[in-house]
Amino acid sequence: MNKRAFLKRAGLLAAGATISPVWGCKSEGVGNADDAVYPSGEGFSLPDLPYGADALEPYIDTKTMEIHHGKHHSGYVRKLNSALEGTEYAQESIDVILASISGEDTGIRNNGGGHYNHSLFWSIMSPPGENNLPSGNILNAINASFGGFEAFKKAFADAALSRFGSGWAWLCKNDENQLFVSSTPNQDNPLMSNIVDLSGYPVLGLDVWEHAYYLKYQNRRSEYVENFFNLINWGAVNGRLG
Ligand code: MN
């Protein structure tokens with residue numbers, strides 16, 4: 001299946017691909033969620049966090065959030081815009097770009113992936129105690145695909161812990177709307193169907209780069225992964241499941 005066919009089947013190109021709600025970000029201040037998905041005159045923009053930098057305490061600390069969003073993500077956006085200059089992708093949405101590139105498009109691969117992955121990451125978390133258990137369609141899909149929530153948690157944590165070095169753990173849906181867990185290195189992403197082994201539409205992602213947890217957890221990635229389950233915004237994940 002080619003990329004456009006894949007995206008179409010994944011519902012991404014339908015209805016003018018009004019996919020800004022996938023981020024679940026509030027459009028406040030300068031970082032409009034639409035500008036994170038679609039390039040404007042200035043290219044892509046850094047979306048605002050949908051909550052305060054301190055909102056995920058005590059599981060993700062304020063300083064980490066400030067640096068992660070304000071420095072790392074912002075750097076991916078800047079370098080993505082620079083990598084896109086003069087290319088055929090300059091006017092495309094980020095989803096279409098990621099599904100179209102090859103492994104040789106290094107600057108777009110690393111920074112486009114970085115932009116998409118972090119925009120997704122912020123949007124699928126919420127303060128602890130709000131929405132942190134799955135229900136409805138996402139719970140039914142998890143039960144059908146994994147045989148229960150605990151089995152899913154184990155599969156997802158295994159993917160996060162076995163990723164050597166930097167990368168991401170994913171919960172994705174395939175063309176048949178079934179869920180699967182995968183992992184990618186660096187800033188690769190399941191939408192990159194020309195690059196990754198298992199392509200699909202990511203509904204949940206966890207950043208396991210050291211910059212995501214080292215200030216608070218140092219080498220204890222497993223503690224960070226376990227605590228992430230206290231922060232998942234299952235309402236937002238449900239929204240992505242569609
Ligand atoms: Mn990161």
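This is a predicted model: local features need pLDDT of at least 70, side-chain atom pairs count only at pLDDT 80 or more; totals for chains, interfaces and linings use all residues.
Okay, a definition to start: rings of Phe, Tyr and Trp (its six-membered ring) make a pair if their centres lie within 6.5 Å, and planes under 30 degrees apart are stacked, over 60 edge-to-face, the rest tilted. With that rule, ring pairs join F121, W122, F146, F149, F152, F156, W168, W170, F228, F229 and W234 into a cluster.

Numbering runs from 1 along each chain as its sequence is written, and side-chain values use heavy atoms, with hydrogens and water left out.

From the N terminus, the order is α-α-α-α-α-α-α-β-β-β-α-α-α. Of the 242 residues, 53% are buried, where buried means under 20% relative accessible area, exposed over 50%, and partly exposed in between (1.4 Å probe, protein chains only).

Back to the rings. There are 15 aromatic pairs in total. Take F152 and W234: they sit edge-to-face, 6.1 Å centre to centre with 75 degrees between the planes. F152 is in helix 7 (residues 149-162) and W234 in helix 10 (residues 234-241), 82 residues apart. Both F152 and W234 are buried.

Now look at K153, also in helix 7. It lies over the face of F229, 4.9 Å from the ring centre; the rule there is NZ of Lys or CZ of Arg within 6 Å of the ring centre and within 35 degrees of the ring normal. Is K153 buried or exposed? Its relative accessibility is 17%, so K153 counts as buried. Leaving out residues up to four places away in sequence, K153 touches E226 and F229, a contact being heavy atoms within 4.5 Å.

Last stop, the metal. Which residues hold the manganese ion? The protein donors are H68 (NE2), H118 (NE2), D207 (OD) and H211 (NE2), 1.9 to 2.1 Å away. Donors here are N, O and S atoms within 2.8 Å of the metal (3.2 Å for Na, K and Ca), and with water not among the atoms, sites may look incomplete. In sequence, the spacing reads H-x49-H-x88-D-x3-H. H68 belongs to helix 3 (residues 62-84), whereas H211 is in the loop between strand 3 (201-207) and helix 8 (214-217), 143 residues apart. Both H68 and H211 are buried.

Notes
Helices (H or I, at least four residues) and strands (E, at least two) are DSSP runs, numbered from the N terminus.
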